[in-house]
Amino acid sequence: MIWQLEIIILVLVVVCAVGALAVRDLLGAAILFGAYSFLMCLLWAIMGAVDVAFTEASVGAGVSTVFFVAAVFRTSRRTRD
Amino acid sequence: MWDDFVRLAVAKANYWIYIVLMCIGLWGMIVKGNLVKKIIGMNILQTAIILFYVSIASKAGATLPIITHHGPGTDSIQAVGHINPLPHVLMLTAIVVAVATLGVALALAMRIHRDYGTLEEDELLAMMREK
Amino acid sequence: MTPVLSVKPLLAILLALGLPAVLVSSRSANLREAWTFGAAGAMLAVIASMVPAVLGGACLEWTLVSILPGLALQLRVDAFGLLFALVSSSLWIVTTLYSIGYMRGLQEHSQTRYYCFFALSLAAAVGVAFSANLLTLYLFYEMLSFATYPLVTHHQDGEARASGRKYLAYILGASIGLVLPAMLMVHHLAGTLDFTAQGILDGHAGTSQTAALLVMLVFGFAKAGIMPLHAWLPAAMVAPTPVSALLHAVAVVKVGVFSVVRVMSGIFGADFLARLHLGTLVAVVASITIIGASLIALSQDGLKRRLAFSTIGQLSYIVLGAALLSPSGLSGAMLHIAMHAFGKITLFFCAGAIFVATGKKYISEMKGIGWAMPVTMGAFFIGALSVIGLPPCGGFISKWYLLMGTLEADRIALLFVILASSILNAAYFLPIVYQAFFCSPAESRFERRMHEAPRWCVVPPVVTALASVGLFFYPQPFLALARLATGALLGGP
Amino acid sequence: MRRLGLITAVLFGGLLAYATPDFPDWGDPRSPASTHVSPYYIQNSLADTAVPNIVTAVLADYRGYDTMFETTVIFAAGLACLFLLRNFGPRAVESRLYRHRPTGITLRIEQGGDLPENSAEFERIDSQWVPYDLIIRCAGRLVLPFIQLFALYVVAHGHHSPGGGFQGGVIFGAALIFYALSHDLRSTLGHLPEARSLIVAAVGVLIYVGTGVLCLLLGGAFLDYAALAGLLGVDPVMARSHGILMVEIGVALAVTTVMVSLYYYLATAGRLDEGL
Amino acid sequence: MSVHYPALVVVMPVVAALIIAILAWVHPSRALPVAVAALAAAAGAAAMMLVRVLAHGPFAYHLGGWPPPVGIAYEIDHLNALVLAVMAAVALINLLAVWPQAEQRFAERTVFFYALYLLFCAGTFGILVTGDAFNLFVLLEITSISGYALIGLGRRDAALASLNYVFMGTIGASLYLLGIGYLYLVTGSLNMADMAAILPRIQDSRVVTAAFIICMTGLFMKMALFPLHGWLPNAYSQAAGPVCSLIAPLTTKTMIYVMVRIGLYVFSPQFTFGRLDLARAMVWLAVMAIVFGSLTALAQTNLRRMLCYVVVAEVGYMVGGFWLGTRTAMTGAILHIVNDAAMTLCVFLVVGTIGHQLKSDTFDTLRGAFRRMPWTMAVMVVAGLSLIGVPPTCGFFSKWYLLGGALAAGHWGLAGALVFSSLVNTLLFFRIFEIAYFEPVNTGNYGHAAPLRYAEAPPAMLAPMIAAAMGLIVLGLLTGEIVTRLIAPAIPAAIP
C-alpha cells in the first residue's frame with residue numbers, strides 16, 4: 001500500500017465533504033457528495049474492505065447520487081448556504 | 001513529546017480523519033439551513049462511522065477476507081492472515097440503512113417542497129408561524 | 001381482638017359500588033329511587049349485622065388483593081370503623097329520602113348522575129371506614145374526592161365551576177402533595193402501613209421526623225377542614241342541599257376527621273405521641289380552628305355558610321378529642337362523629353327545606369318563618385341544640401366526654417376552649433330560631449304565602465331530629481363501640 | 001444556531017479525541033476486535049458453510065438475521081416513499097405531448113383529444129423533453145446488457161468473490177435506472193410497472209424470510225440452513241451454502257426493485273408520469 | 001413450536017407486512033384481517049414467553065443455530081418478557097381501535113399504513129428481545145424508518161416535523177452505532193452478555209467511558225430526554241391520530257428499556273452508577289425534564305400538544321428513577337415503562353378519537369364533550385387519573401415506587417419534581433374535564449343553543465378503548481405480582 005496515496009485520499013475526502021456542504025448549488029453539492037462517496041469507497045478498497053467498497057461504489061456513488069439529483073430536479077437548486 | 005504526537009497521529013490516522021468527518025457532518029446538520037444540505041450532512045456522518053468500523057477491521061499484513069486456496073483441514077487457515085470480516089458485514093448493513101434513510105428523508109423533503117415551495121429552514125419556520 | 005375472615009365488609013362496599021350500573025340501566029325515576037333505597041337498606045343491614053360480632057371482640061377481615069409486596073388492599077372492621085360506617089349508612093337512607101323530595105321539588109337535571117355518584121361516595125366512605133391500612137384508606141379517600149366532584153358541581157354553572165375547582169385544589173393538592181409523600185415516608189421508615197393499636201412508627205422515627213409526618217398527615221387530610229385548609233367547605237355550599245348534607249354529615253368531612261384520628265392512633269400510636277408531646281401540637285391547631293371558625297360563623301348571613309363554618313369548628317372538636325390522647329377524650333371524639341352527624345344533617349335538611357319551600361337563603365330573610373313552617377323550624381331547633389351540646393340531645397353526650405377528656409388529660413385551657421366555643425355556638429344558632437319564631441316577617445304583601453315544604457323534605461329532618469334526641473337517651477350502639485375502640489387503642493376502659 | 005452547531009461539533013469531537021489515544025493502533029492484529037470473535041469466522045466459515053468469501057458467509061449465515069432485517073429496512077424504505085409521495089388521487093387534467101418524428105413538429109393534445117391518424121409516426125414525449133441524442137441512446141442500449149449480466153454474476157458469484165445479493169441487486173437496479181435516464185421513464189415503467197416492482201420486492205424479502213421459516217418448520221432454528229439438508233439432498237455444510245444462495249437471490253430481487261421504485265417516486269415526485 | 005416463540009414474535013409481523021404489501025395490489029380489503037391476525041399471534045407468543053419465563057426462568061434462542069458470540073441470540077428474561085407482553089398488547093389494541101379511523105384518514109394508502117404499522121411493531125418487538133447490540137441497531141432503524149413514514153403523512157406540518165425527527169433520530173441511532181463500535185473495538189464482541197463478561201476487565205479504558213457516554217447520548221436523543229426532546233412534540237402532534245397512538249406508547253418507552261438494558265446488562269451497575277459520577281447529574285437532568293415538561297404542558301391550548309409535553313415529563317420519571325440507582329427507584333422506573341405505555345396508549349387513543357369525531361383537538365372542541373361522547377370521556381377520566389397517579393390505576397403504583405425510591409435515597413429534588421408533576425397533571429386534566437363538563441357545546445351561533453349532537457365513537461373503536469382503560473386498572477391491581485415475580489428478578493443483585 002502506498003501511504004502517500006492514502007494520505008492524498010484522506011485529505012481529498014475531507015475536502016469533498018466540506019465542499020459538498022459549502023457549495024451554493026445543490027446540484028453541485030450532490031455531485032460533490034458523489035465524489036466524496038467514491039473517494040470513501042477507494043479508501044475502503046485500500047483498507048481491504050472490498051465488499052464494503054463495492055457496495056459503497058454502487059450505492060453511495062451511484063444510486064444515492066441519482067436520488068439526490070432527482071430530488072434536486074424536482075425541488076430547487078437554490079440554497080442560501 | 002513531538003515524537004509521541006507524531007506516532008499517535010500516524011498510528012491512528014484513520015481514526016482522526018473519521019473524527020473530523022463526523023464533526024463536519026454534525027456541524028452541517030446543525031448549522032446548514034437548507035434541508036438537502038442537512039441530508040448531505042447526515043450522510044457524511046453515517047459514512048464517517050462506516051470509516052471507523054472499517055478501520056477497526058484492518059490488520060497489518062493481512063489479506064482480503066476471502067479464502068482463495070486452502071488445504072484439506074481448517075488448520076491451514078490462519079486468523080492473522082485475513083482481515084477481520086465482521087465489521088465489513090456490519091457496515092454493509094449500515095450502508096443499506098443509510099440509503100434507506102436517505103430515500104425517506106428525500107421523500108419528506110420533496111413533500112415539504114410540494115407543500116411550501118421552499119427548502120430553507122428559516123423560511124419554512126416563518127411560513128408555519130404565519131399560518 | 002380476634003381476626004375473623006368475613007366477606008361482609010366487601011359486600012357492604014360492593015352494594016354501593018355496583019349500584020350505578022343498575023341505576024344507569026334503569027329507565028324510570030321511580031325504579032331508580034327504589035333501587036337506591038334497596039341498596040342503602042341492604043348496606044345498613046349488612047353493616048348492622050357486623051355489630052354483634054365486633055361488640056363480641058372480634059374484628060372482621062377480608063383481603064382483596066395483594067397489591068404491592070407486603071401491602072394488600074385489605075379491609076378490616078373494628079369498633080371505630082364500624083361506628084363510622086353505621087352512621088354513614090344509616091344517614092344514607094335518610095338522605096336518599098330527602099334527595100327525592102329536594103331533587104323532584106326543584107326539578108333538578110341529571111338526577112341519574114346524581115344518584116350514581118352519591119352511591120359511589122358512600123362506597124368510598126364505607127371503604128375508608130373499613131380500611132385496614134393507610135394505602136387502602138388513601139385509595140378510598142381519593143375515590144371519594146373524585147366521586148363528590150360531580151356532586152359539588154351539580155349545577156354546572158360558573159359558580160359551581162369555581163367552587164369545584166377550589167374543592168379539588170384543596171383536597172387533591174393536600175392529599176397528593178402531603179399525604180402521599182408522608183405515606184411513602186412512613187412506609188420507608190416502618191416497612192408497613194397497617195393500622196395497629198400501638199402505632200407502627202414507634203422506634204422507627206425521630207422526634208422531628210415524627211412531627212413533620214404528623215403535620216403532613218393532619219393537614220394533608222384536608223377534608224377534615226382544619227384551618228387554614230378549610231376554605232373549600234364554604235365554597236362547596238353551592239351544591240344542592242342533599243349534597244351539603246353528604247359533605248357535612250354523611251361522608252366527606254367525617255372521612256377527613258376519621259382519617260386523621262385513624263392515622264394518629266393507628267400509625268403514630270397514642271403512647272408514642274404522648275411521649276413526644278405531639279398531641280399538644282395538634283390540640284393547639286384544633287383549638288385555633290374551633291375558635292376561629294365559630295367567630296367567623298357569627299358574621300355569616302347565608303344560612304348554609306353559617307352552617308359550614310359551624311361544621312369546621314365542630315370537626316376540630318373531634319381532632320381535639322383525639323389529640324387529648326385520653327380515654328374519655330377519644331371516646332368523645334368518636335361519639336362526636338355520630339352525634340354531630342345527626343345534628344348537622346338535621347340543620348342542613350331544614351335549610352334545604354326552607355329553600356325548597358320559600359327560596360330563601362339568608363338568615364336575615366327568615367324572620368317569622370317559624371310560624372309558617374313550624375315542623376321544619378322545630379327540627380332545626382333540636383338540631384341546633386344537639387350541635388351546641390345541650391340536653392336532651394345526643395350532642396350533649398359527646399361534648400360531656402370531651403370535657404371529661406380535657407380534665408383527664410389535665411388541660412384546663414382546652415376545657416375553656418370547648419366551653420367558649422359552645423357559647424359561640426349558641427350565639428350563632430339560637431338567634432336564628434329566635435327570629436324565626438318571635439320576629440314578625442318583613443313586609444310580605446307581594447310574596448306568596450309561605451307554607452311548609454313538601455312532605456319528602458320535612459320527614460327526614462324530623463326523623464334525624466328525633467334520632468338526635470333518641471341518642472341522648474339511648475346512645476348504646478355508638479357508645480359501646482366508642483368505648484370498645486378506645487379500649488383497644490389506649491388499653492384502658 | 002451557528003455557534004451552537006460549532007460548539008456541539010467541537011465538544012463531540014473532543015469527546016471522541018479524548019478516547020482515541022486508548023485505541024489499539026490501526027491495523028494491530030492483537031487488538032481485541034481481531035482476536036475475540038472474528039478468528040472463529042475466518043477459521044471455520046469454509047468448513048461450516050463451504051463459502052470462501054467470509055464476508056458472505058457471515059453476512060448471510062452467521063449473522064443472517066441482521067441481513068434479513070437489512071433487506072426489510074430497504075423494503076420499508078420503498079414502502080415509506082410510496083406512502084409519502086405516491087399520488088393516489090385522481091390524475092390532474094393533463095395534456096399530452098406528441099412529436100411527429102419525420103418533421104419534428106410537436107402536438108399538444110388536451111384532455112380527451114385523439115391522436116392524429118397515422119399515429120405510428122408520432123412518439124409521446126415529456127414536457128421537458130431533451131432532443132433525441134443518438135449517442136446516449138445507442139450507448140445505453142449497448143452497455144445495458146453487460147451491466148445486467150455483470151449484476152447477475154455478482155449475485156451468483158458472491159460465494160467466491162466480493163459481491164453478493166445486495167451489490168448485485170443495486171447494480172441491476174442502477175442498470176434499470178440508467179435505462180430510464182437514457183431513454184425515458186415510460187419505457188422503464190413499461191418493462192417494470194410500479195405494482196410489479198413492489199410485489200417482486202415483497203416476494204424477494206419473502207424468499208428470505210420464507211427460507212428462515214422453512215428451516216424452522218424442518219426442525220432447525222430460524223434461518224438454520226443446515227435443516228434444509230434433507231430437503232435439498234445434500235450434507236448440512238452444502239445445505240448452508242445453498243441456503244445462502246437462496247437468500248442472496250431474495251435480497252437481489254428486493255434490492256433491485258426497491259431501488260427502481262425509489263427512483264420512480266423521487267424522480268417524478270410521486271406522479272409516476274415523467275422522469276428526469 | 002413453543003421453542004421458536006422469540007423468533008416468531010418478530011417474524012410474524014414481518015411476514016404479514018410482506019403479504020399485505022402483495023395483497024395491496026390484488027386484494028386490498030384482506031389486509032386488515034392479516035394484520036390483526038399477525039399482531040394477535042405475536043401478542044399470544046409474547047404472552048406464552050412471559051408464562052415460560054415465569055415458570056422456567058430466562059431462556060435464549062440462537063438464530064441460525066449459532067451460539068451467541070458467533071451468531072445472534074435472542075435472550076428472553078424477566079425484564080423483556082414483561083415489557084414485550086405489554087407492548088404487543090398495546091400494538092394489538094391500538095390497531096383494533098384505530099382501523100376505522102385509519103381507513104378514512106389514509107384512503108387508498110391504508111393498506112400501506114398496515115404494512116408500515118406491522119414493520120414498526122416487528123422492529124419494536126425485536127429491540128425488546130434481542131441480545132445482540134448490533135441487531136438492536138438494525139431493528140431500531142426498521143422502527144425508525146417506518147415511524148418516519150407514518151408520521152410524515154399527518155397534518156399540515158407533518159412532513160417538516162417528520163424530517164426533523166429523521167435528523168434527530170438518525171443522529172441518535174448513529175451515536176448508538178458508534179458507541180457499539182467503540183465497545184466492539186475493545187471487546188471484540190457484539191453480544192451483550194459477552195460484552196458484559198469482558199467489560200469489567202477493561203473498564204478503566206477511556207474507550208469504554210466514551211462508548212458509554214456516546215451510547216447513552218444517542219439513546220437520550222431517541223427517547224427525547226429534556227434538552228434533546230425538540231423533535232417529539234412536533235412529531236407527535238403533527239402525526240395522524242392512528243399513528244400517534246401507536247408511536248407515542250412504543251417509541252420512547254422502548255428506548256428507555258434499551259437504556260436500562262445497556263446500563264444494567266452490558267455495563268455493570270457498578271460502572272453505570274459508580275464510575276462516572278454521571279448518575280447524580282442525570283437525576284437532576286430528569287428533574288429538569290419533569291419540571292420543564294409539566295410547565296410547558298400547562299401553556300398548551302391543544303390537547304395533543306399538551307399530552308406530548310406530558311410524555312416529555314414522563315420520560316423524566318423513568319430516567320430519574322433509573323439513574324437514582326436504588327432498587328426501589330429502579331423498580332419504579334421499570335414498572336413505569338410498562339404502565340406508561342398503557343397510559344399513553346389510552347390517552348392518545350382518546351385524543352385520536354376526539355380528533356376524529358369532532359374534527360379538531362383544541363381545548364375549545366371539548367366543550368360539552370361529556371355529553372357528546374360519554375364513553376370516550378370516561379376512558380379519558382381513567383387515563384387522566386392514572387397519569388395523575390390515583391389508586392387503583394397503575395400510574396399510582398409506579399409513582400409510588402419512584403417517589404418511595406427518591407425519598408429513601410434522600411433525593412428531595414426528584415421527590416419534589418414528582419409531586420409537582422402530579423399536581424400539575426391534576427391541573428391539566430381537570431382543566432380539560434372542566435371544559436368538557438361545564439361549557440356548552442360550541443355551535444358557532446352565539447346565544448342559540450343548538451341541539452346537542454351526539455358524537456360518540458362507533459362501538460368498534462370504543463370497545464378496544466374501554467379494554468385499554470380496564471387494562472390500566474388491571475395492571476394496577478397486578479402490581480404486586482409484577483413487581484415480585486418479574487421486576488425483582490430482573491434487577492441485578494448488585495443494586496442495593
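Okay, one definition before anything else: two strands pair if DSSP finds at least two bridges between them. Strands here are DSSP runs of E with at least two residues, helices are runs of H or I with at least four, and both are numbered from the N terminus.

What we're looking at is a predicted model, where local features need pLDDT of at least 70, side-chain atom pairs count only at pLDDT 80 or more, and totals for chains, interfaces and linings use all residues. Residues are numbered from 1 along each chain as its sequence is written, with chains lettered from A and ligands numbered from 1 in the order in which they are written.

So, the sheet. In chain D, three strands make an open sheet, ordered β2-β1-β3, with antiparallel pairing. At the edges sit β2 (106-109) and β3 (122-125) of chain D, each pairing on one side only. From one strand to the next, the twist averages 35°. Strand β1 (residues 96-100) of chain D is joined to β3(D) by four bridges, running antiparallel, and D:Leu97 is opposite D:Ile125 in β3(D).

Chain B next. Chain B has five helices and zero strands, so to speak a plain α-α-α-α-α run from the N terminus on. It has 131 residues, and 62% of them count as buried (20 or more other C-beta atoms within 10 Å of the residue's own, C-beta atoms being placed from the backbone). Contacts mean C-beta atoms, again placed from the backbone, within 7 Å. Of the contacts in chain B with a separation of 6 or more, 52% are between residues 24 or more positions apart.

How many residues of chain B touch chain D? It's 47 residues of chain B, in contact with 53 residues of chain D. On the chain B side, α1 (2-11), α2 (13-31), α3 (35-57) and α4 each give two or more residues, and α4(B) has the largest share, with 16 residues. By class that side is 32 nonpolar, eleven polar and four charged. For the classes, Ala, Val, Leu, Ile, Met, Phe, Trp, Tyr, Cys and Pro count as nonpolar, Asp, Glu, Lys and Arg as charged, and the others, Gly among them, as polar.

Last, helix packing. Two packed helices are described by the angle between their axes and the distance between the axes. Axes are lines fitted to C-alpha atoms, for helices over the stretch in contact, and angles run from 0 to 180 degrees between N-to-C directions.

Helix α3 (residues 50-74) of chain A packs on helix α4 (residues 86-116) of chain B at about 0°, axes 10 Å apart. That makes α3(A) roughly parallel to α4(B), the cut-off being under 35 degrees. Residues in the contact include A:Phe67 and A:Arg74 of α3(A), and B:His88 and B:Gly103 of α4(B).

α3(A) also meets α11(D): the axes come within 8 Å and cross at roughly 20°, which makes these two helices roughly parallel. Among the residues meeting there are A:Phe67 and A:Arg74 in α3(A) and D:Tyr263 in α11(D). That contact divides into ten nonpolar, no polar and one charged.

Definitions and conventions: Angles under 35 degrees count as roughly parallel, over 145 as roughly antiparallel, 65 to 115 as roughly perpendicular and the rest as oblique. Two residues are in contact if their C-beta atoms, placed from the backbone, lie within 7 Å. A residue is buried if 20 or more other C-beta atoms lie within 10 Å of its own, exposed if 12 or fewer, and partly exposed in between; C-beta atoms are placed from the backbone.
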